[in-house]
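Let's take a walk through this structure together, from its aromatic rings out to its surface.

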Amino acid sequence: MIPFSLGGKKPMKKTTKLKITVIVGITFLLLTGVAIRRLSPIQITCHNSENCLRMSSLGGVVFEFSKPVKPDMVERLLHTDPVAIGQWEWLDTSRARWINDDPLPVGSQVTIRLDPGDAGDRGVRIKKTYTWELSVRPALILALGQSDFGTEIFLIDTENGGVPGQLTNTGGQIYDYAPSPDGEEIVYSVHNDSGGLDLWIFRRDGSDPHVLIECGANRCTTPDWSRTAYQLTYTRENRADSDTDIQGRNEIWVMDLMSKQAARLFAENYEAGSDSKWSPDGQWISFWNRQKSQIQLVNLENEEVISLD
């Protein structure tokens, strides 16, 4: 029997003991849950258009981690056979693309291995060895060709006899195109109903074509990929009758392909430019300055502009 005081209240000691017991139990469960989450192993998957069975001569495979990791710690755990020097491009703390610095021979076999080890704070650790065996695929050849309706993109696969196959079906509305450095995707310019040119994108095999940048009456052309395939430059020719603040001129724009955000290369000081190209190290962009009739280079870190005479 639980004793009661004359006022009908439970004794303080009994109540306090019960509260302490409940709080300790809840705290234990919470700490146990946190410990389990921290100790659960990281799962790693490899992605590209061929399920990481084959890759381009420059690599371009994407690794996805089931937990946030510290990039510098993970990079120390990667090994390749034969030894290849490459670079990581991190999308965030859970996804990264590995790019080889020098092209690998077509047909060669490459082993990519991530060893066990510490991969982050608070006990985040890779607990087993992950290994992928990949072969280096031959390059595909892209070309503009004529269909019954006009210009389209055609693919020539040397593994299948080299017979051209039509990749796009735009009704002859293709203007130009640019494949990504790892050969996984192609960006191309397509005439639209407003008299301008939009940028579209599709996968290596021609699947999943969709609009990347809608340009309305403006003409978006000459796309060019950064080496890591995460950024894209293009020329935006603004029509004089469009609603832009700079009309009737060409501008270089840069798009982040992960956030899908685009902005002018020169945000403040306007420079008329077209036909932009990335440097191999991704630190410079070259372009043709129509106002000055010069090829110019811009440093992306400090915005220094160099003119080539």
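The paragraphs below cover the aromatic rings, then a strand residue, a helix residue and a surface patch.

A word on the ground rules: this is a predicted model, where local features need pLDDT of at least 70 and side-chain atom pairs count only at pLDDT 80 or more, while totals for chains, interfaces and linings use all residues. Residues are numbered from 1 along each chain as its sequence is written, and side-chain values use heavy atoms, with hydrogens and water left out.

Let's begin with the rings. A pair of aromatic rings is described by the distance of the centres and the angle of the planes. Here, rings of Phe, Tyr and Trp (its six-membered ring) pair if their centres lie within 6.5 Å; planes under 30 degrees apart count as stacked, over 60 as edge-to-face and the rest as tilted. By this rule there are eight aromatic pairs. One of them joins Trp88 and Trp90, a stacked pair at 5.4 Å centre to centre with 15° between the planes. The rings of Tyr130 and Trp132 are also stacked, because their centres are 6.1 Å apart and their planes are at 15°. Ring pairs tie Phe63, Phe65, Trp88, Trp90, Tyr130 and Trp132 into a cluster.

How does burial look here? Buried means under 20% relative accessible area, exposed means over 50%, and partly exposed lies in between (1.4 Å probe, protein chains only). Trp88 is buried at 13%, and Trp90 is buried at 18%. Tyr130, with 9%, is buried, and so is Trp132, with 13%.

Now look at Thr151, which sits in strand β12 (residues 151-156); strands (E, at least two residues) and helices (H or I, at least four) are DSSP runs, numbered from the N terminus. Its side chain makes a polar contact of 2.9 Å with that of Gln146. Such a contact is a pair of N or O atoms within 3.5 Å; within protein, one must be able to donate a hydrogen and the other to accept it, and residues adjacent in sequence count only if both atoms are side-chain atoms.

Next comes Asp72 in helix α2 (residues 71-75). Asp72 is partly exposed, at 44% relative accessible area. Asp72 and Ala119 are 47 residues apart in sequence, yet their C-alpha atoms are 8.4 Å apart in space.

Finally, find Trp288 in strand β23 (residues 284-289). Trp288 is partly exposed, with a relative accessible area of 35%.
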